[in-house]
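User: I am new to this structure and would be grateful for a close look at one part of it, followed by an account of how other parts are arranged.

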Amino acid sequence: MDALMRVLGSEPTLAGALAEGGRALDLQAPPAVRPFLAGLLAQRSTVLVVVATAREAEDLTAEIGTLIGPDNVASYPAWETLPHERLSPRSDTVGRRLAVLRRLAHPGTGDAGPLRVVVAPVRSVLQPQVKGLADLAPVELSAGQEIALDEVIRGLSEAAYCRVDLVERRGEFAVRGGIVDIFPPTLDHPLRVEFWGDTVEEIREFAVADQRSMDKVERLWAPPCRELLLTEEVRARASQLAVEQPQLAEMLTKMSEGLAVEGMESLAPALVDEMELLVDLLPADASILVCDPERVRTRAHDLVATSEEFLQASWAAAGSGGSAPIDLGAAAFHSIADVRAHTLASGRAWWSQSPFGLDTDDDTRTIALEAAPAYRGDTAAALADLGSWLHEGRRVVITTPAPGIAQRTVEWLSENDLPGAVVEALPDVIPAGVAQVVCGELAHGLLSNALSFALVTYDDLVGQRPVERGERKMPARRRKQIDPLELSPGDFVVHEQHGVGRYVELVQRVVQGAAREYLVIEYGASKRGQPADRLFVPMDQLDQVTRYVGGESPSLDRLGGADWSARKGRARKAVRQIAGELIKLYAARQSTKGYAFGPDTPWQRELEDAFPFQETPDQLSTVEEVKRDMERTVPMDRLVCG
């Protein structure tokens, strides 16, 4: 896509702005210019692109990756929680954030090289973070490395990984003899590291469902799982604060003992020396590009207001008569104006790009590029415009999300007597008169009369966003814990240790001067004629509670009784019975000869490329294996089981 960058970068106004390199500049241009502008700025120095929402950040990251390569751009996610909320951010969010910071501060380290572009929602830019996060060293292992097993265990513990018997969630590790299972927060699958003495013999992925090893990998790179690590200094400060602030004693005492507590990040300003902003970690010559500044300012204003309201009504303030017992203001969101002033004072450039002119003190430039028409399936209008541009001798580029669609697009042009060609990469000089069809994840196209150029995307033609074929995203839900706000009194729930019960209410109780919220679950009476037993589950243990999903109304288990064990035993027995029936079924299919299907056709590939959902790596692997089996005469059980 370098050819596209060169063409659009030659637009006179844009080229002049880039050459001058002003520190405060407002560009008026359509939204489709954003990925190109970020890529052109990245040719000079590192760029931080600021957008309004996390969804915009993910979409723009994919577009910029199409132009400059996915390894050169990364999205910097925001916490799912507010700074003063007694909830910790997800471990996969923390892992992604720390991986980006590490690459910014230490180019050439980590899983990839130095970053040229970082895309962040404004929430990430406004929120202060603990200073020094970029210097937190990950746990790194590679095959053949000499390292003591105890040193690895100590490093994982210091990086806030939780030691368990069986690894099931991100941020956990388990040790069995000379085998260490680790689930880094940035990976889709956990890794199994096998030691021979003090030598790393092998590293493999393994499946969480059945714990079976899978493919070999060359290297383990495990960033910390929390942004507030319980170092000796932090534990000492927590111990001191526990004495000074009795209303926070329960939480701080656990932290002083080295136990990670849900929501402890909200106390970071009182436990660390200094907080810093994301812009402070950028190189001195970096540029900040704000996309659609009006929406960004509106979003920033809402975030600051919400943060201030939550601080005033937070659990800490409620326990001390309306004012926070300790100063937590250093963690509050900054205003976008303060961040801008801080950025300019540091010598970094602050640019903005808006589809409309802004009344600002900045130097304003209007870029002579137009948004491509949105045809939304109107093929007649699309063909008319494409034909007109090609006959005028314009350079025409069409981007599609996948090869099958690219081939079909060329066939569609040919059927209507328009020249087109599929290319893996655009030539250095884009030819005129022949539409160049190339794969790329660009959302919208651009037109330029002065440059005699037209860029049209798949979304422009059919009104459908390209299917994301990149790396699978992390699960959006926090573990498997239940959301108490979704429960109604009388709903059946299941506790891992105590079994099936009935949700009653959500209550708040004061224990040793600290207010805590509990989920109340009602169980069967331990004795006939006695009132039902009740279990109070703290909010930080909700991962042990799930909603009951059985078809019928269940009977309530008894606390301390054998009902729950018997229920699980019956379930295991039923599973074994089903497994036996499946074995018989597969044996019968094994003796039945199959049918050999033909290989994939272009229509099949086009259908797959247009699939509106994103397959997981396991699904893609299974589909390929089933196809290979279907193209051979194999027993019927292979066709069913893959």
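At what angle do the axes of helix 1 (residues 2-9) and helix 3 cross, and within what distance do they come?

Analyst: The model discussed here is predicted. In it, the axes of helix 1 (residues 2-9) and helix 3 cross at roughly 95° and come within 10 Å. Angles from 65 to 115 degrees count as roughly perpendicular, and helix 1 and helix 3 are therefore roughly perpendicular to each other. On the side of helix 1 the contact involves Leu4, Met5, Leu8 and Gly9, while helix 3 contributes Phe36, Gly39 and Leu40.

Helix 3 covers residues 34-42 and is mostly covered, with 9 of its 9 residues buried.

Arg34 leads on to a neighbouring element. Glutamate 56, which belongs to helix 4 (residues 54-68), is in contact with Arg34, Val51 and Arg295, leaving aside its neighbours within four places in sequence. The relative accessible area of glutamate 56 is 18%; buried means under 20%, so glutamate 56 counts as buried.

The wider setting is as follows. The protein chain has 20 helices and 28 strands, and its C-alpha trace spans about 90 × 75 × 55 Å along the principal axes. Of the 642 residues in the chain, 46% are buried. Among contacts between residues at least 6 apart in sequence, 69% join residues at least 24 apart.

Helix 8 (residues 232-244) packs with helix 9 (residues 249-256) at an angle of about 150°, and their axes are 8 Å apart. Since angles over 145 degrees count as roughly antiparallel, helix 8 is roughly antiparallel to helix 9. The crossing of helix 8 and helix 9 is left-handed. Where these helices meet, helix 8 presents Arg235, Ala238, Ser239, Leu241 and Ala242, and helix 9 presents Ala249, Leu252, Thr253, Met255 and Ser256.

Aromatic rings come next. The model holds 2 aromatic pairs. In one of them, the ring centres of phenylalanine 492 and tyrosine 548 lie 6.4 Å apart with the planes at 70°, so this pair is edge-to-face. The pair links distant parts of the chain, 56 residues apart: phenylalanine 492 is in strand 24 (residues 492-495), and tyrosine 548 is in the loop between strand 28 (545-547) and helix 17 (563-590). Both phenylalanine 492 and tyrosine 548 are buried.

Tyrosine 518 and phenylalanine 536 also form an edge-to-face pair, with 6.4 Å from centre to centre and 80° between the planes. Here too distant parts of the chain are linked: tyrosine 518 belongs to strand 26 (residues 514-523) and phenylalanine 536 to strand 27 (residues 533-538), 18 residues apart. Tyrosine 518 is buried, at a relative accessible area of 10%, whereas phenylalanine 536 counts as partly exposed at 31%. Arginine 509 lies over the face of phenylalanine 536, at 4.2 Å from the ring centre. Elsewhere, the charged end of arginine 192 sits over the ring of phenylalanine 206, 4.2 Å from its centre.

The loop between strand 28 and helix 17, which holds tyrosine 548, also holds leucine 559. Leucine 559 counts as partly exposed, at 24% relative accessibility. Leaving aside its neighbours within four places in sequence, leucine 559 is in contact with His498, Tyr523, Asp533 and Arg534.

Two further loop residues concern the backbone. Most residues other than glycine have a negative phi. Arginine 376, in the loop between strand 18 (370-371) and helix 14 (379-391), has a positive phi near 50°, and it counts as exposed at 63% relative accessibility. Serine 452, in the loop between strand 22 (446-448) and strand 23 (453-457), likewise has a positive phi, of about 50°. Serine 452 is partly exposed, with a relative accessible area of 27%.

Conventions. Residues numbered from 1 in each chain as written. Predicted model: local features only at pLDDT ≥ 70, side-chain atom pairs only at ≥ 80, totals over all residues. Heavy atoms only, no water. Phe/Tyr/Trp six-rings, centres within 6.5 Å; stacked < 30°, edge-to-face > 60°. Helix = DSSP H or I, 4+ residues; strand = E, 2+ residues; numbered from the N terminus. Buried < 20%, exposed > 50% of the residue type's maximum accessible area, 1.4 Å probe, protein only. Lys NZ or Arg CZ within 6 Å of the ring centre and 35° of its normal. Axes fitted to C-alpha atoms, helices over the stretch in contact; angles between N-to-C directions. Parallel < 35°, antiparallel > 145°, perpendicular 65-115°, else oblique. Left-handed = near helix turned anticlockwise from the far one by under 90°. Contact = heavy atoms within 4.5 Å.
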